[in-house]
Amino acid sequence: MTVESSAARKPRRSAAGKTGTAGTGRSTRSTVKQGTEPELVQLLTPEGKRVKNAEFDAYVAGITPDELRGLYRDMVLTRRFDAEATALQRQGELGLWASLLGQEAAQIGSGRATREDDYVFPTYREHGVAWCRGVDPTNLLGMFRGVNNGGWDPNGNNFHLYTIVIGSQTLHATGYAMGVAKDGADSAVIAYFGDGASSQGDVAESFTFSAVYNAPVVFFCQNNQWAISEPTEKQTRVPLYQRAQGYGFPGVRVDGNDVLACLAVTRWALERARNGEGPTLVEAFTYRMGAHTTSDDPTRYRHDDERVAWEAKDPILRLRAYLESSNHADEGFFAELESESEALGKRVREAVRAMPDPDRFAIFENVYADGHALVDEERAQFAAYQASFADAQGGN
Amino acid sequence: MAEKMALAKAINESLRRALETDPKVLVMGEDVGKLGGVFRVTDGLQKDFGEERVIDTPLAESGIVGTAIGLALRGYRPVVEIQFDGFVFPAYDQIVTQLAKMHARSLGKVKMPVVIRIPYGGGIGAVEHHSESPEALFAHVAGLKVVSPSNSSDAYWMMQQAIQSDDPVIYFEPKRRYWDKGEVDPELIPGPLHRASVVREGTDLTLAAYGPMVKLCRQVADAAAEEGKSLEVLDLRSVSPLDFDTIQTSVEKTRRLVVVHEAPVFLGSGAEIAARITERCFYHLEAPVLRVGGYHAPYPPARLEDEYLPGLDRVLDAVDRALAY
């Protein structure tokens with residue numbers, strides 16, 4: 001690396017326990033116990049070894065080899081879709097892409113924990129959760145191509161539209177959950193957000209509202225360590241999961257690269273919601289392996305050593321190691337999945353290239369549900385203006 | 001059976017009717033429950049409909065609107081109260097970025113039947129942030145509808161219509177008129193929510209206003225009548241959409257227009273009305289469209305608000321100037 005990048009090197013982020021030491025004259029709070037590695041719920045080690053966890057084992061106790069292969073398949077296909085989308089952006093087919101690379105376990109584990117009648121409120125990076133909800137991946141690409149601002153029916157799969165202004169959707173999730181409770185339903189709601197959004201007032205307010213009304217909502221924070229260029233240290237002085245305590249509900253940190261642990265912890269949290277025990281904060285400790293989006297250049301603010309270190313904790317590799325060591329999957333399975341991946345990539349590629357531009361009058365569509373005189377007037381003016389070109393050319 | 005009641009009571013009765021007829025209607029806000037709201041607009045509603053439907057919320061406006069959006073997604077029709085005009089801005093992001101755009105960005109799949117009630121305007125000697133008129137800041141946003149009743153009957157019926165609307169409606173309540181009484185007929189068949197009404201016919205000049213300024217404009221018309229001038233008074237009722245057709249019809253007759261609102265004149269709703277009416281009525285106008293409103297200054301301390309707010313003399317002055325062309 002160059003001298004310049006070395007000089008710009010940020011403090012290493014492997015430790016969450018460097019809080020509380022700034023020169024405020026105050027002693028370090030006892031809430032921060034982490035040493036060099038954060039304490040987190042883990043069921044599969046980075047090497048793919050199954051470890052026991054007294055509290056959470058029960059939530060995946062009955063998991064079948066078939067289901068384990070399913071989780072693996074979900075992660076592989078999601079990663080393949082994500083890679084295809086990144087490539088499509090590079091080819092000019094998409095204006096932007098926000099890659100989920102590295103966060104597959106957090107998203108598939110939590111997404112597969114949801115029930116059909118649960119409702120999901122994503123950010124703009126939850127491609128893996130969308131996959132679990134049955135949203136066709138090609139539908140996610142419309143907004144990144146610029147043909148719409150949300151290309152799916154949220155109620156079709158109980159998967160809300162992507163929310164770009166970070167944190168806003170945690171309030172929508174809370175309100176939705178308040179409605180679920182009013183209806184006497186036993187569904188649950190899950191709100192996704194990130195370490196950056198944790199600083200938003202809306203997230204704080206959603207914690208307050210959900211706690212006060214005991215709303216059946218799970219706050220699933222994917223702490224991928226980076227909010228564009230800002231490390232988590234710029235967002236918080238305590239581990240994020242500990243924030244829940246101040247609001248009066250439990251928070252837990254899970255290994256976000258361990259799909260089994262994410263599944264177990266989210267099942268636990270959703271079950272609490274269904275049982276009327278109110279909100280839970282889950283902090284999935286993971287890593288954004290790629291750039292924030294295709295417009296970002298992480299070499300300007302983080303050292304590649306860090307990414308390399310996280311590569312050893314790859315969520316897909318560790319489940320593969322477990323599947324192989326426990327004889328739950330054979331070569332045929334992996335080979336078949338490989339060709340399924342390629343087929344998915346091809347399908348996505350073709351769908352995006354075939355995606356037509358919207359009709360120009362779409363500008364005026366759905367501005368209001370009940371109509372609006374000004375929109376009608378401006379649509380008519382726009383039509384007349386467009387028609388004037390046809391007249392000028394002698395056409396009709 | 002028509003009954004005479006204060007404007008605040010008319011809103012209360014309208015909310016009561018909505019809560020009775022539609023189990024999906026919710027009332028939520030700060031102090032709306034046990035207290036009945038700081039202006040008692042929601043008085044007695046929690047007692048009769050329970051805490052599940054008339055909800056005292058934490059003191060967090062973004063949270064109030066954000067959770068209302070979530071409740072609307074679940075099929076509810078929340079009517080939220082922002083306690084005072086100057087308190088709405090913590091919720092401005094949720095209103096502008098989320099509430100207003102949800103229907104469009106879902107390609108019409110999602111509807112947002114949310115009403116946001118905001119007591120607004122000055123004239124009650126209040127402290128800072130309790131007297132503002134921010135309607136233009138909402139009318140400028142596509143996806144929102146903005147209305148403001150001026151009297152008890154409209155307050156009642158426009159609330160019914162706002163709640164029935166599948167679009168988000170910002171419902172500005174003229175707080176200084178809360179205690180003014182007027183007839184409310186619950187059997188009435190109301191006109192369209194966004195249509196202006198001619199509240200006084202005249203031939204020499206049109207005064208256009210909404211909310212708290214309608215009463216003032218009626219008084220101006222009375223005073224002008226004593227001087228032999230015949231003023232027509234329009235109650236616009238809706239700021240988005242604006243009923244330009246009704247204004248145009250009036251101005252084609254009177255040839256002169258003065259718009260009155262408490263909000264600052266600069267880029268206020270009067271500016272839009274002036275521009276559009278000039279376009280539509282260019283050959284009818286005998287004078288430029290004039291505007292009377294607040295100044296480009298923070299709302300002043302209460303002892304100065306009479307200087308800041310449009311009053312009888314200031315509107316009459318504008319009338320004289322328009323007639324002098």
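Predicted model: local features only at pLDDT ≥ 70, side-chain atom pairs only at ≥ 80, totals over all residues.
**Entry 1: chain A overall**

I started with the make-up of chain A. I found 15 helices and 7 strands there. Next I looked up burial. Of the 396 residues in chain A, 44% are buried. I then turned to contacts in chain A between residues with a separation of 6 or more. Residues 24 or more positions apart account for 75% of those.

I also checked the UniProt record for chain A. An unreviewed entry lists residues 73–354 as "domain: Dehydrogenase E1 component". I looked at that span in the model.

**Entry 2**

How many strands form the open sheet of chain A, and in what order? I found 5, in the order β1-β2-β3-β7-β6, with parallel pairing. Which strands stand at the edges? They are β1 (119–121) and β6 (251–255) of chain A. Each has a single partner strand, so one side of each is left without a neighbour in the sheet. From one strand to the next, the twist averages 20°.

As background, I noted that strands of a sheet pair through backbone hydrogen bonds, either parallel or antiparallel. I then followed two of the pairings.

- β6(A) pairs with β7 (residues 280–285) of chain A over 5 bridges, in the parallel sense. Across this pairing, A:Val252 stands opposite A:Val282 in β7(A).
- β2 (residues 189–194) of chain A is joined to β3(A) by 6 bridges, and the two run parallel. Here A:Ala191 stands opposite A:Phe219 in β3(A).

**Entry 3: strand β3(A)**

I stayed with β3 (residues 217–223) of chain A and asked about burial. I counted 7 of its 7 residues as buried, so the strand is largely enclosed by the rest of the structure. A residue counts as buried if 20 or more other C-beta atoms lie within 10 Å of its own.

In a regular strand, side chains alternate between the two faces of the sheet. On one side of β3(A) I listed A:Val217, A:Phe219, A:Cys221 and A:Asn223. On the other I listed A:Val218, A:Phe220 and A:Gln222. Both faces are covered.

**Entry 4: where chain A touches chain B**

I looked up the contact between the chains. It joins 34 residues of chain A to 34 residues of chain B. On the chain A side, α7 (154–157), α8 (168–183), α9 (201–212) and α15 (373–392) each supply at least two residues. Which element gives the largest share of that side? It is α8(A), with 11 residues. By class, I found 15 nonpolar, 14 polar and 5 charged residues on the chain A side.

**Entry 5: chain B**

I checked the domain assignment of chain B. It gives domain 1 (3–184) and domain 2 (197–324). Their C-alpha centres lie 26 Å apart. In contact are 24 residues of domain 1 of chain B and 21 residues of domain 2 of chain B. On the domain 1 side, α6 (135–139), β6 (145–147), α7 (152–164) and β7 (169–174) of chain B each supply at least two residues. That side has 10 nonpolar, 8 polar and 6 charged residues.

Last, I read the UniProt annotation for chain B. "Domain: Transketolase-like pyrimidine-binding", from an unreviewed entry, covers residues 5–180. In the model this span is 36% helix and 17% strand. Its end C-alpha atoms lie 8 Å apart.

Key. Residues numbered from 1 in each chain as written. Chains lettered and ligands numbered in written order. Contact = placed C-beta atoms within 7 Å. Helix = DSSP H or I, 4+ residues; strand = E, 2+ residues; numbered from the N terminus. Nonpolar A, V, L, I, M, F, W, Y, C, P; charged D, E, K, R; others polar. UniProt positions renumbered as here; feature names shortened; annotations may be inferred. Domains from an automatic or database assignment. Pairing = 2+ DSSP bridges. Axes fitted to C-alpha atoms, helices over the stretch in contact; angles between N-to-C directions. Buried ≥ 20, exposed ≤ 12 C-beta atoms within 10 Å, placed from the backbone.
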